[in-house]
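Reader: Could you help me learn to read a ligand site, step by step? I have the picture open.

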Amino acid sequence: MTKPTTHRWYENSVFYQILVGVFNDTTGEGIGTLKGVEEKLDYLQWLGIDCIWLSPFYASPLRDDGYDIADYRAIHPDYGTMEDFDDLIEAIHARGMKLITDLALNHTSMDHRWFQESRKDPHGPYGDYYVWGDDPNRYPEIRIIFTDTESSNWSFDEVRGQYYFHRFYKEQPDLNYDSPAVHKEVLSLIDFWMDKGLDGFRLDAIPYLYERDGAGGESLPETLEFIEKLRAHVDEHYPDAFMIAEANQPPAETREYFGNGDRVHMVFNFPLMPRLYQAVATSQASPIIEIMPDLLHLPPGTQWGNFLRNHDELTLEMVSGPERELMYSSYLPDDSMRAHLGIARRLAPLMDHDRAKIELMYALMFGLPGAPFLYYGEELGMHDEPSLPDRYAVRTPMQWEPGPGAGFTTSDTPKLPIVGGEGLSVSEQRHDPDSLLSFVHSLIAARKAHPELGIGNYESIDVAEPSLLAVTRTLKAEDRVIPSDPISSAPLVCLYNFAPHPIAIPPQALAGVNGVGRVVIGSFDTAAEVHSGDALPGFGFVWLTA
Ligand code: GLC
């Protein structure tokens with residue numbers, strides 16, 4: 001199999017996250033399949049997606065929706081076969097698209113053979129694969145992440161007569177990275193998937209690999225060192241591949257995962273994400289203006305993965321107390337929508353279904369430095385289902401058509417309920433020029449015509465208006481990732497209004513386009529001229545060229 005490759009392709013790609021089980025059912029069982037993903041590649045290609053991210057589809061008891069892996073080398077039978085996976089990857093590459101998968105390496109499912117062996121035979125070959133101990137109070141500094149269900153990071157195993165350590169559900173024992181055998185296993189399973197032609201993977205929960213007495217157990221030097229080992233391995237064997245880290249850590253610590261460009265290629269932009277919501281909630285640009293200096297000047301070959309929502313709760317673990325309170329008061333009208341410390345809602349309901357706010361959030365995700373990650377269904381403004389437990393509120397089936405099965409399934413009893421809603425399906429929105437889907441489609445096209453949005457220089461313009469974020473983006477020849485990327489002849493000016501009322505565009509905001517901007521996309525007609533003093537509507541945005 002040949003795959004199209006371009007060095008550093010990921011830096012300016014548009015990503016799309018799919019949960020296989022809720023995307024498209026081809027068997028009538030009410031569960032999505034790998035074949036179902038393949039059937040929808042035309043749609044994803046039309047939308048402008050460069051790379052698909054598949055959340056775990058491995059053999060699993062699904063205690064944590066597949067992030068509890070029971071066999072890294074097997075496909076969950078509900079989703080299809082290994083042959084289906086091979087077909088999918090081939091079909092994706094035939095379209096010039098790419099595929100990354102999710103790997104949970106911090107822990108396995110209790111059902112994994114390694115754990116079963118480890119609990120039975122402490123002195124056998126798997127005896128030290130997990131973190132065992134006799135003292136359930138060891139590592140008191142390590143926080144509990146799944147605060148809704150777990151009261152300790154240790155659980156007692158009757159079979160072995162010892163406690164085992166787990167960061168997440170008790171059914172997800174942590175692997176012991178002090179065991180060289182575990183390192184070997186991990187590298188070998190990475191080879192297994194990469195040899196199938198994958199383009200990279202997401203490193204789930206990667207900050208938590210090691211535990212040490214007296215430490216919080218996150219981003220330990222040993223963990224960062226293991227990531228370097230992983231990177232060296234991938235570089236040696238699969239030089240075009242890339243890894244993105246899920247490192248939900250404080251901003252400075254998050255950057256550690258880039259190293260000097262010798263750790264991961266990308267890191268999810270956890271520092272930026274909550275600030276986008278804060279800016280909308282407070283009508284102030286300052287939450288974004290203040291964080292940006294911490295996010296610029298990355299080592300070469302590295303990039304942020306920008307996102308608004310994903311399959312988890314809108315995480316609030318790393319924001320300050322007052323910021324968390326602000327987020328709760330703005331976005332958590334009902335406690336049933338809470339999951340752990342965060343909020344399990346989709347974007348459209350979070351934005352009160354206000355179209356201008358939704359578009360503004362999208363414009364920020366696609367317009368600030370980084371590569372955008374869309375979560376399935378968000379391009380339609382899909383609703384959520386707060387009555388569902390854990391984080392399933394935001395994991396309901398994709399809506400392809402109106403009507404009972406939403407074009408997702410022919411089953412009357414899908415595994416997860418279909419939320420529905422008038423106008424909230426691909427078939428209703430695809431040919432409606434005023435739909436959110438059409439907007440996202442145009443936004444992706446605009447973003448691709450302007451690579452400076454992802455990788456170019458970022459300069460914030462001082463304006464007296466606190467609700468206005470004004471930014472100039474410029475691409476220099478040396479920024480080009482793909483040699484055929486156009487070099488804009490002039491900078492792009494991006495304006496974002498966080499106030500509910502219109503703002504007169506101040507003259508200094510347009511300096512980068514010599515006082516007159518031509519609309520690429522935004523709250524004015526495309527190609528219209530914009531002058532200083534023109535009104536940028538409430539929660540409006542515009543990207544302008546000279
Ligand atoms: C990551 C995943 C989340 C999962 C957890 C444990 O945070 O995004 O869904 O529950 O890891 O694997």
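Reader: What is the space taken by the ligand?

Author: A cavity is a set of points on a 1 Å grid over the protein atoms alone where a 1.4 Å probe fits but cannot get out. A molecule sits in one if more than half of its atoms lie within 2 Å of its grid points. Here the ligand takes up the largest cavity. This is a predicted model, in which local features need pLDDT of at least 70, side-chain atom pairs count only at pLDDT 80 or more, and totals for linings use all residues. Residues are numbered from 1 along each chain, and side-chain values use heavy atoms, without hydrogens and water.

Reader: How many residues surround the ligand?

Author: A residue counts if one of its heavy atoms lies within 4 Å. There are 13, and Asp64, His107, Asp204, Glu246 and Asp312 are the closest. By type, the shell has seven charged residues (Asp, Glu, Lys, Arg), three nonpolar (Ala, Val, Leu, Ile, Met, Phe, Trp, Tyr, Cys, Pro) and three polar (the others, Gly among them).

Reader: Which side chains have a polar atom by a ligand oxygen atom?

Author: Look for polar contacts, pairs of N or O atoms within 3.5 Å. Among them, Asp312 has a polar side-chain atom 2.5 Å from a ligand oxygen, and for Asp204 the distance is 2.9 Å.

Methods: A polar contact is a pair of N or O atoms within 3.5 Å; within protein, one must be able to donate a hydrogen and the other to accept it, and residues adjacent in sequence count only if both atoms are side-chain atoms. On a 1 Å grid over the protein atoms alone, a cavity is a set of points where a 1.4 Å probe fits but cannot get out, and a pocket is an open set with protein on both sides within 12 Å along at least five of seven lines; lining residues have an atom within 4 Å of a point.
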